[in-house]
Structure formats: C-alpha cells, structure tokens
Amino acid sequence: MSEQTASQEGKTYPPDAELSKSANVRPEMLEQDLQEFWDEQAKQRLDWFEEYDQVLDWNLPYAKWFVGGKLNACYNCVDRHVEGGKGDKVALHVVPDDGPDSSEARDITFSDLQREVVKMANGLKELGVGKGVPVGIYMQMIPEAVVAMLACARLGAPHTVVFGGFSGKAVAERCNDLECKVLITQDEAMRGGKAGAQKTNADEGLDAGETTVEKIVVVQRTGADIPMSDRDVYLHDLTANVSDDPESCPCEPMDSEDLLFLLYTSGSTGKPKGVVHTTAGYLLGVTTTHNLVFDVKDDSVYWCAADIGWITGHSYITYGPLANGCTSVLFEGVPGYPDKAVWWKIIEKYGVSILYTSPTAIKSHMKAGEEHLQGHDLSSIKILGSVGEPINPDVWEWYREHVGGGKAPIMDTWWQTETGHILITPLPGITTLKPGMAQQPFPGVRPEIRDDEGNQLDVEQTGNLVLTQPWPGMMRTLYKDDQRFKDTYWSKYSDAYFAGDGAKYDADGDIQLMGRIDDVVNVSGHRLSTFEVESALVEHADVAEAAVAARKDDDTGQAIIAFVSLKGDKQGTEELEQALREQVAQSIGKLARPASVIFANDLPKTRSGKIMRRLLKNLAEGEELGDTSTLVDPSVVDEMQKQMKG
C-alpha cells in the first residue's frame, strides 16, 4: 500500500512498519474480554498494597472496579520509581512563562519530586489535612500545582483543582460544595509576560459569603506584596521545619473506590457538576491509555500542552505520565510568548518525542505561519496527539506535515471529563490513520451510534454516541447529586451511557466525532453539524479558524452565520465571502451555504482556549451578549458586533 491512498474520506496513512514492530499495544489486546484486559493491565501497571479480589462489580449505572484492593496514587506516581532506582530520572522539565531559555527553567527528578511532595504533605498535616479531608487547588501551571495534587493523594485527601483562569466566585463555589478546609494557591500568576491576580481573586470569592475554607496556603511565584491575614500561610513558612523523608509521611492505603478527586464541569443549566473520580480505576485507566496510545518508552520525553485545571491535565500531565515514570514538559506559559517560536524551541531543547495538544492550539500556530517552525529541529517528534474537540482534516494534515515531519502518526483522541481517560482513538503501529477521525474504541471499550429511539445507525448516518459497557476511569456519580447523574447520562437510553456527542460510522466502520449534539443547525429540515460546516470553511487556503452559529430564518427555520479568522495579514472581502460560501456549498451542499460570513482577527476564546459558542449564538441572533469577562480578548466580540450591524 502506498504512503498516501485515496479513499472515500480522503487520504489514509498506513502504520509505519518499524513502529508496528516496536509498538506497546498488541493487536490481540483488541480482542480481549473487558475484564480480562483490565485485569491484565492492573497487575502489570500498578503497585498494590493489597490485591483486589474482584475486577468489576457492575450494577448499571454504578461500577466498582478492583473491589477489595488497596493502593495509593502518589506511591504509584512517585515513590515506587524512586525505590526502583529511577530517582535521578527527570520527572518534569519545568519551563516558565518566558520560555525554555529563562534562568528559571529547571529540571525536577523523581527524587526531587518525592521530597517536595513529602514536605508539602507534612505541612498540610500541620493544618489538619488527612484522609478524607478535602483540599482546593487554585493555581497556574507551576510545579507546585502538581506537587499539591500528589501531596493530597499521598494523604488520602480528595482534591478539587479549579482552573487558574477562573474567577474567585468559581473558586468559592467549588471549594464550598466539596467542603474544602484548605485552599492552596499562589501569590500571582505569570501568563504571557504579565503578572495576574491569583490569591486576591481567591480572597474576593471566599470573602463574599460563608465558606468552609479555614486556611489558605500561598506559593510565592512572583514575590508580590499581597494581603495576608491570619487565615493565610506561605508554603515556604509552612514547610520550613518539616521533614522531606518519605518515612515521615507514608502513603495512605486507599480503597480502590475511595475518592481521589472531584472536577467540576459546567452544566448547560444549573450549578457546575462535581464529577466523582475514585482511585484505582481512574489511575489504571490513565496509566494504560497514556502508555498504549502514545507508545511511551523509557526514554520518551512527553509534553501535554494542556492545563491541570482541566481533566486533560489531571489525566495526562499528572497521574498518567508520572505513574508510567515518564519524563514530561511542564510549560507555564501560552503559545506565542515570548515569541511565536516558543513551542518549537521547547521541543528542540528537550527533545520532545510526544506532543499532545488541542486543535485550537494547532490552529493558532497555523495562523502564525510555518516560518516560525523553520530553523528548529523537530525531528525528535515520534507521536502527535489531539484532544478537546474534533480536529478538521486540513488542520490534521498541517499538524502532521509541519510538526510531525510528514511522518509522525496523530492520535486523534475522544474522551470527556466524565470518562476520565481516552476511550476512542487510533493506536500507533496498528491503525491506518484517517485525517480528522478518532476511528476505533480503545481495548475494552464498546461504543454504539444510535438514533433518538435507540436504533443502531448505518454508515454515514449521524447519531448519538453511547457506551454500552463500563470502563475503569468512568465517573462514579455527581457529587451530592445522584439523581442528576442518572438523569444526565443514563436516562436517554436504559442500557447505555449517553455521551452527549454526535458521531457517525464511515464505510470501514471507523468513527468520526461530530461535536456536541446540540451543536446542530437545522436548515429546511436538514440537520447539519456545525463541525462539518466549519471543516468546509477551513479547507480554504486563507482561513485559519472558523466557527458557525445559527439564527432564526422565516424561510428555512435556521440560517448559518459563519465567523472566520484569516491567516497572517489576509483581509476579509466580499469576494472572499462569496468564495467561502461557495466552498461550503461544494463541500457539503447548497443548503449548508452560510447566509453571511463575519470576518474577525480572532474568535472569542476563554483563557483555556475554548471558543465561547454561546456568544456566537447571541451575536447571530442579535441578542444581548452578557458576561464577556472570561474572554482572552473581549474586543473581538465588539469587532464582530460592528460587522453584524454594518
């Protein structure tokens, strides 16, 4: 078979023969029984204080995995590597906001990490933190954030990490819901060369009403002069006189089903949902998927360019890579600072072999231009990954060609906060890749695509993605809201988990994710995925990024409004608008042609890099925009509004 083969969906890329020979994943794994597969992985990948006596106890929708087992997540991520002679191996290449050439860049070995975790855990014990005592973490991408998560896990104290870009109100809401006694934060945050409030944000939120938080531990990041009260203590003061000897703070034996952390995810209505993740199943799920999906070797240098405030950071920055004893990059900053080549400098300096990032980030690099990659040696890259949203085929191709040297396979992964770890993905050395498709379930995972009545759909019919059997990292419930858990995820179909995402099979039985099922435009009775329309728009050579929304239309029910940012210094013109409308018509059909195209320098994005689609819908309908304070650049919306009225 040739390197590139034309197919119904476009080009395909067969697995590299050498990679197939050495890949961690074995073809027979795909045929293993659910419990057989995970039992084998549990025995191979985790160290247990007490062996489990039952792999799975399944009483839909409730799962218990590795019943009767006892272990500790911190021990599996840190201590066992030190005890096994890998203490001098680098755990984290720490890259500060101003890039890899900064004097603050440093390496943390597994022995260093163990000492820091033990010190923080002993300090937290001084504040009354122990098994079952919840802790909040509100930090940016600094190593102390990872240390804080592991220190909590060491003590058996469940943590909830609040994304560092969120408001103090969000911090208070989440900490009070979990009844956190302690909050760990930092004085200020460095992002893109600017120092931003962190501790004072937390204070404002907690002081706005009653709170369960009794103590705030503050990491000095910038050394700024910030208000400190009797409630507050600097981390360096808290740990000044405590031991860093691991025997002074042994890892707490935890039951397999003991709570490891809560992570809150926004609901479409009502308060954020506290997703419950327990210890053994979650840890095994992230460790196994990290190893097999990214083909991790002893000498791999891995970089997940996400944030620990999201599930991707929990699973594939902290718990998965560290449990595998993998060397990782931890970057505090943002793409484009201190210059647009910063990512490529990081890859070159540290010899990054695996890069896992979002389509949004890839698009930002596309928009910046290939010239910023030139002159940087990216030949160390062996595997690329994509996460967070479906990736457009042309973005996939750019990623492979310019970052992967035209040869690195791309693992286009699908999963959710609720699923805990990757569930649908290509596998290196096995899967013939198709740009823009997640393709196949991970071993032991059983997806189906159904219509609203529960019927399984045929090829090329978009329907609802469901999962028909349990997996180890699945959420156990929603915190203090069991009914909402059942109503949200298990009520549409009586026998399956409803993911809320749309998908379809191609002729080969591979799965293409279409985004959230509520991201659908209904034009003259035809249901069109916004993802499909956006993919058609970004096929145009001048388009860097596109998002679409719908407005009411008397004739067609809904009409499509396209919001487009262009590459480099390209300008939006009437001619380009017509060309883009025709591009969509040719790619999908005339009924999908946008009613209008709005050009902008950028799309409205939150500080986590997500496009705020609610604002696009409001713009399309001419409605009030509401709160835009969480956007990186609120002026983007003002520019769009002017065009809409123009």
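**Sheets, overall form and a pocket in a predicted model**

Strands β24 (residues 463-467) and β25 (residues 497-505) run antiparallel and are joined by four bridges; strands here are DSSP runs of E with at least two residues, helices are runs of H or I with at least four, and both are numbered from the N terminus. Within this pair, G463 lies opposite A503 of β25. The model is a predicted one, in which local features need pLDDT of at least 70 and side-chain atom pairs count only at pLDDT 80 or more, while totals for chains, interfaces and linings use all residues. Residues are numbered from 1 along each chain as its sequence is written, and side-chain values use heavy atoms, with hydrogens and water left out.

The two strands belong to an open, antiparallel sheet of four, ordered β23-β24-β25-β26, where pairing requires at least two DSSP bridges between two strands. Its edges are β23 (447-450) and β26 (511-516), each of which pairs on one side only. From one strand to the next the twist averages 45°, with axes fitted as lines to C-alpha atoms and angles running from 0 to 180 degrees between N-to-C directions.

A further open sheet has seven strands in the order β7-β6-β19-β18-β20-β21-β22, and its pairing is mixed. Because β7 (106-109) and β22 (410-412) each have a single partner strand, one side of each edge strand is left without a neighbour in the sheet. Here the twist averages 20° from one strand to the next. Three bridges link β21 (residues 383-386) to β22 in the parallel sense, and G385 has M411 of β22 as its bridge partner.

Turning to the whole protein, 18 helices and 31 strands are found. Along the principal axes, the C-alpha atoms fill a box of roughly 70 × 55 × 55 Å.

The second largest pocket has a volume of about 520 Å³ (on a 1 Å grid over the protein atoms alone, a pocket is an open set of points where a 1.4 Å probe fits, with protein on both sides within 12 Å along at least five of seven lines; the volume is the space filled by probe spheres set on the points, which are joined across faces, edges and corners). Of its 27 lining residues, D16, L19, K382, I383 and P409 are the closest to the centre, lining meaning an atom within 4 Å of a point.
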